[in-house]
Every structure is written in structure tokens, then in C-alpha cells.
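We will go from stop to stop, selecting as we go.

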Amino acid sequence: MIKEFMTQDHRDCDALYAPLEEAIAAQAWDLALERFVPFKEAMLRHFAMEEEVLFPKMEEFLGGGEGPIHVMKMEHNQIRGIIDALGEAIEAKDRQKALGYGETFMIMTQQHNMKEEQVLYTMAEQLPLDKEQILAQMQKVEGR
Amino acid sequence: MFDGVSLDQAPPFEAPLLFFLTAPLFAIVGSILLEYGAGEFAILHAFSIGFLAFIMVGALLQMLPVVVGVKFERPKRVALLFWLPLVGGTLALIATLGFGQLSLALFAAATLLLALGGFALVTLVKLFKAPRKSDAVIAMILALLSLLLATLLGGHLLAALARGKELSLLPLHGALAGFGWVGLLIVGVSYQVIPMFYITQELPAIVRRPLAPAIFAALLSYALFQEEWLFKVVDGLFLLFALATFWRLFQRKRTVKEPTVAFFQVAMIFLAATALYGLFHGHDWRYLVAFGYGFAMSVVYGMLYKIIPFLVWFHLSSRGFFDIPTMRELISERLAWLHLYIHLASLSLLLTTTKSAAPLILAENLLFLWIIKAPILLYFRYKKRPSPFATST
Ligand code: HEM
Ligand SMILES: [Fe+2]
Ligand SMILES: [Fe+2]
């Protein structure tokens, strides 16, 4: 249930990125900026759902420290960094840089998502968590 | 409950890189053997083990920790432990098959068994422990089982050669190595990387789920009963995979034109053509060339042009370096397109006049090394610097 929901959210974020990349490639900068805003919002909201709701609940069972959840949070920081750099490149109307950060963002995010979908969310499903409550709380998280 | 599961960041870049850099060198050796008319089986194995198996072992070392959360302890040492006998064994096999050095046959068998058989076994044990077995992982398991069987059969062939006995089970070895190991591994890896590189949908479950087990079952039945039509079933299944994957690539969400997706598309076209050729014509040397050079090697180049710059970027940025060039700046797109054209030219020569392809194959792999030089040098240049994380904390 958590796994399906979060996996779908990954796909929804992907779907926001692809048209953004198209606008950058076509150097339609206004359009690119217009598409960048909801894309960034969706990504940050997704990270917030994990960092504020799902991960703390999992850590109650798995403990904090250097484990898998810590690695996921570090990757969130890397990805946030790329998204910011992407935004700056779009504002600077630098096609090469923007496509470059876009590519980096995409693969970084995809391998991150894959680890979550194949390992972390599977763990979440197997832990004795109150899944419905977690789902409800995650849906309430606001993007920023 | 989750013993052995780690979401560690990727293993050190040096481990897969050692294999990725050896592969084009063996392709160059292959092109020289081709130019000087060495035995066809020596040339075949310079490419099938020297190029393809090196890349695939490297890619699995890289991918398994990320994909299934199984990791190798001390990855650099493990990599070297497989790499050394693999290099020695491949060279000895080339000497045995190409230059009649039968005294090396048993050495080749032993080292290759150690390297490839050992790698297959160790990895299989790890994969069986994976918390969840996706269709991609199942395909990889079947590929590694095929590798194990093919290597054992290869050892059996070498033992027969050394003792001057007649070779038995030859077609079986070729089928399991080529279509079981190489073919199924690419199926598994494609399931994994194509959706993530190009944002495509996965293949429909009714194709994705049964495909690899069906190919494996057809190959094994071919092995047991030696009926030609069973091999055509294998062709039919690869045709299905090629068409479905090509269709997914056609529908991909990322529409920006770039060379790596073209390499994948070329690969799928050649796989479909190979399968049709096998279905309606037969399984001769052209079939092997189209499958190995047209399909498998195209996938490899396309994949490496994504994976290498990503890994460089990933490892450096994990260490806190953010002033590095982006992935697209690390690989010259113009030269990668040029590579694709040379690749297509070498392929068409290989399929027609064969021997005249040698200089182009040489050029293609030198160009490949030249293209990946920039990201690799960048990696080692930054590696020497202290991490900004270390100074700030
Ligand atoms: C890993 C990828 C490999 C591939 C794709 C591959 C492929 C092939 C193919 C297609 C043939 C020709 C079969 C035929 O004519 O029907 C062949 C022959 C042969 N292979 Fe392999 N092989 C691989 C690995 C190995 C290994 C690891 C060994 C040794 C341990 C080996 C030893 C041999 C030998 C001795 C022959 C017979 C050569 C002759 O007839 O003189 N191969 N291989
Ligand atoms: Fe995440
Ligand atoms: Fe996530």
C-alpha cells in the first residue's frame, strides 16, 4: 500500500520532468520556467513525505545511524542540490548546463527511486507499522 | 529481518572501471586477430569473453548493490581476484584456439572456470538472498546459471581439445553462452536501465514476466533434445523482446535526441533482424555476428556512455565536490554520434566481407577509449584532492 502509493508518486514526478526537458532542449525558456516550478514542488513534497513521515516511523524499528535510511537522506540532499543548479541554469538560459543538470538529476533520481522501490518500501511493508495512518499523514504533507 | 541488505552507495568506481577498460583492449586484440586471419574461434572469444563478459562482470559488480542491495565485501579486492584469472584465461584461450597452443588448454580451462564459474556462483548465492526478486533479477539469475553451465561446457571442450578427442556438446556451449548468458543478461539489464534512462514504461507484465524463464526453458530443452525447432522458439522469444523494447523506446517520455538511445534502438533492430534471420534462414556465422556485434555490443556502448559519466559524477558529488562538470559535459556527444556511425560501418563490413572490418573495429574501440578518457581522468584528478566535507567538519 505504501509501496504502491510512493511508487506512483515517483512516476508522477518523472512525468513532470520529461516535458521540462523538452522545453529546455527547445530553448523555450519561459515555458521551461513555468514547468520547473511544479516539478520542483512535487519533488520536494515527495522528499518531505519520506523525511517527515515515513522514515521517522521506520527508524523507530530500524534505528537511526548510518543505515539505509541515512543513505537515502544523503541522496535527497544531493538531488536537491542538482534541482537548484538546474533552476539556476534555466534562469541563465544556458541550454548545455540545464540539459546536463537535467540528465544528472534524472539518473541520480532514478537509481535512488529504484533502491527505495526495491528495498526500502518493501521493508516498510514488512514492518509492523500503521500503514493507513502513515498514508494519511503523508497525503497531508505540503510542498514548499 | 533484513540481514545482508544494504543501501550502500555504489561500490568504488575502480572495481567496475577495471573491467570496463579491459574490454575495449580485448576488442582491439580481436580486430588484430581478424586482420591477420587467426582462427575464427579465437576471434569469437576475444569478443565474447574479452569484450562482452568483461563488461558484464563489471556492470554486475556495479549494479547488484544498487539494484538488489547485495554487496561484495572489499569490492576492489574481489574485482581484482576475478579480473586476474579472467585476463589470463582469455589470453590462454585465444592462444589455444587461435595458435594451436594445446598445452595452454588446461590452464585456460582452469582460470576461466575460476573467474567466470566462480563469479557466477558467488553472485548467484548473493542473488538468492535478495529480499525481493524482480523480473530483472530473475533474468539475471538465469543468465548466471547459463554462464555457469557454458563455462563448464567450455572447460569440457578444452579438455577434449587437449587430449585430441572429438568435441561433443559444441552447439550446446554456444547456445548457452550466447543466448543464455549474454542474451538473458541483457534482457535483465534492459528491464532495469531502459525505464530509468529514458523514462519508458516497463514492458507489459505478460511479456516481461514469462520471457526470461521461457527463453531459458527453450534453451535447456534445445540442449536436451537437440531439435532445431526449439532453437527457433528462442528466436521467436528474442524477437518479441526486441519488438516490445523498441516500441517502448519509441514511446519514451524523454524525447531529446541523443546518441545512447540510438545505440539501444540499433541494438533492438539488430536483435529483431537476427531473430528473423534465424527463424527463416538458419544459424550460421552471420547470425552470430549480428547477435554479438549488432545487438549485444550496441547495448554495451549505449549503456556505458550513460553509466560511466554518471558514476564519475556520483562518486565525486558524494564526496562533496559540486563544481564538477555535468554528465553531458563529460562525454562528447558529437564523438559518440561518430562512434555510432563507425559502429554501423564496421557491422556492415563484418556481415559482408568480414575481414575488411578489422581497421574499423580497431578505430571504433580507440575512439571509445578516447571518449571515456575525459570523465575517467576527471575522477582520478579529483580523487586526490581532500573532500570538502572533511575540511568543513
Ligand atoms: C562467455 C561467453 C562465451 C561465448 C559467448 C562463447 C561462444 C562460443 C560459440 C558460439 C562457440 C561455437 C559453437 C559452435 O560452433 O556451435 C564456442 C566454441 C568454443 N568455446 Fe566458447 N563461448 C564463451 C565462453 C567460453 C569459455 C569460458 C570457454 C572455456 C572455458 C570456451 C571455450 C570454447 C571452446 C573450447 C570452443 C570450441 C572451439 C573449437 O571448436 O575449436 N568458451 N564458444
Ligand atoms: Fe527518497
Ligand atoms: Fe521516494
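Donors here are N, O and S atoms within 2.8 Å of the metal (3.2 Å for Na, K and Ca); water is not among the atoms, so sites may look incomplete. This is a predicted model: local features need pLDDT of at least 70, side-chain atom pairs count only at pLDDT 80 or more, and totals for chains, interfaces and linings use all residues. Residues are numbered from 1 along each chain as its sequence is written, chains are lettered from A and ligands numbered from 1 in the order in which they are written, and side-chain values use heavy atoms, leaving out hydrogens and water.

**Stop one: the iron pair**

Select ligands 2 and 3. These two iron ions lie 3.2 Å apart, and Glu50(A) bridges them.

Glu50(A) sits in helix H2 (residues 29–62) of chain A, and Glu116(A) in helix H4 (residues 95–126) of chain A. The two residues are 66 apart, so this pair links distant parts of the chain. Helices (H or I, at least four residues) and strands (E, at least two) are DSSP runs, numbered from the N terminus.

**Stop two: ligand 2**

Which residues are the protein donors of this iron ion? Select Glu50(A) (OE), His76(A) (NE2), His112(A) (NE2) and Glu116(A) (OE), which lie 1.9 to 2.2 Å from the ion. Their spacing in sequence is E-x25-H-x35-H-x3-E.

The angles among the four donor atoms run from 83 to 170°, and the site is irregular. Four donors count as tetrahedral if all angles lie between 85 and 135 degrees; four count as square planar and six as octahedral if opposite donors are over 155 degrees apart and all others between 65 and 115; anything else is irregular.

**Stop three: ligand 3**

Are Glu116(A) and Tyr121(A) buried or exposed? Both are buried (under 20% relative accessible area, with exposed over 50% and partly exposed in between; 1.4 Å probe, protein chains only).

**Stop four: ligand 1**

Move to chain B. Ligand 1 is surrounded by 21 residues (each with a heavy atom within 4 Å). Leu44(B), His45(B), Leu167(B), His173(B) and Ala177(B) are the closest.

Select His45(B): a side-chain N or O atom is 2.8 Å from a nitrogen atom of ligand 1. His173(B) also places a polar side-chain atom 2.8 Å from a ligand nitrogen. Such a polar contact is a pair of N or O atoms within 3.5 Å.

Finish with H6(B), which gives the shell its largest share, seven residues.

Methods:
Polar contact = N/O pair within 3.5 Å; in protein donor to acceptor, adjacent residues only side chain to side chain.
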